[in-house]
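Reader: Hi! Could you walk me through the salt bridges in this one?
Author: Happy to, let's look together.

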Amino acid sequence: MRYVLAYLLAFVLLSGCGAVPAVSGATVPGVPLPWPAEGQATVEVEGVGNLGLSGGRRPVPIASVTKVMTAYVILRRHPLRPGENGPLVTVDHTAANESYLPQESTVPLREGRRVRLRRMLELMLVPSGNNVARLLARWDSGSQERFVARMNAEARRLGMKATTYTGASGNEDSTVSTASDQLRLAMQAMRDPVFREVVSRAETVVPGDALRLANTNTLLNRHGVIGVKTGSGTAAGGNLVWASRVRGRLVLGVILSQAAGTNPVAAKAAALDVGGRMSEAVERWLTGPDSPLPAR
């Protein structure tokens with residue numbers, strides 16, 4: 001037994017793909033992924049299984065990745081069909097006043113303007129408008145506090161035991177979760193066709209404004225990536241939930257706490273760099289000679 005353990009330890013230390021110190025549920029062994037050296041990460045392939053979990057299970061701040069749950073709750077309570085724009089949401093004074101907050105990701109909104117729900121979801125998820133997330137919370141529940149209670153209720157329903165939401169936007173470092181919990185949520189959110197359509201958009205616009213707002217997820221359309229959401233902050237570091245489709249299979253990955261303690265721009269870049277390498281590695285594995293998928 002000692003020889004076996006020594007061999008396994010040597011393999012982990014010598015592997016160029018990084019160690020996977022813990023796994024979640026049924027896993028697929030031996031997949032050559034470039035796991036990040038810091039933070040947390042996990043990947044799952046539809047119909048294949050979980051490819052592992054790196055970095056442990058301690059809840060950490062997730063920044064704007066929070067907006068995945070905000071959108072999930074909104075769409076459960078106000079479901080939309082593909083191509084449907086939904087009800088009108090009126091921009092209130094608070095959302096308009098928050099349009100140019102320093103140190104926050106916001107979008108320009110004019111008080112009194114009425115915007116369809118579908119576009120509001122785009123403005124929240126594509127350029128990551130914090131003011132839109134809080135506006136939708138008030139529109140749905142009357143106050144952000146009541147909406148956050150609904151977010152936490154959904155987290156409990158989904159079995160996200162290590163997750164606590166304290167705001168709808170993710171601007172609060174007190175909103176914490178784990179890679180495993182966010183993977184669980186992403187699986188549910190990506191079942192909604194409208195959610196999938198929104199997070200796959202490269203850009204969107206504010207009605208009545210010519211300014212085009214780019215998606216913060218610059219991995220779109222690379223290595224099959226079709227979404228989902230970035231998030232960054234000084235304490236949270238860089239965070240990314242990504243989805244790709246490779247040979248017809250949905251791949252979901254979560255990366256948390258990259259370059260934490262630096263600055264939001266550098267941290268987001270670090271998360272996207274890891275996400276790019278991991279999504280490329282999964283694509284290469286699923287399309288290569290060792291792929292577990294049936295030959296075409």
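Reader: Is Arg134 buried or exposed?
Author: Arg134 counts as buried, at 7% relative accessibility. Buried means under 20% relative accessible area, exposed is over 50% and partly exposed in between, with a 1.4 Å probe and protein chains only. Keep in mind that this is a predicted model, where local features need pLDDT of at least 70, side-chain atom pairs count only at pLDDT 80 or more, and totals for chains, interfaces and linings use all residues. Residues are numbered from 1 along each chain as its sequence is written, and side-chain values use heavy atoms, leaving out hydrogens and water.

Reader: Which side chain meets Arg134 in a salt bridge?
Author: That's Glu98, at 3.2 Å, N to O. A salt bridge here is a side-chain nitrogen of Lys or Arg within 4 Å of a carboxyl oxygen of Asp or Glu. Glu98 is also buried, at 15% relative accessibility.

Reader: How many salt bridges are there by this rule?
Author: The count comes to 14. One of them joins Arg77 and Asp140 at 2.8 Å, N to O. Arg77 lies in helix H2 (residues 67–77) and Asp140 in helix H5 (residues 130–141), so this pair ties together parts 63 residues apart in sequence. Helices are DSSP runs (H or I, at least four residues), as are strands (E, at least two), numbered from the N terminus.

Reader: New topic: which residues are linked in a network of salt bridges?
Author: Arg118, Arg119, Glu122, Glu197 and Arg201 are linked that way. Within helix H4 (residues 117–125), Arg118 and Glu122 lie four residues apart, about one turn of the helix.
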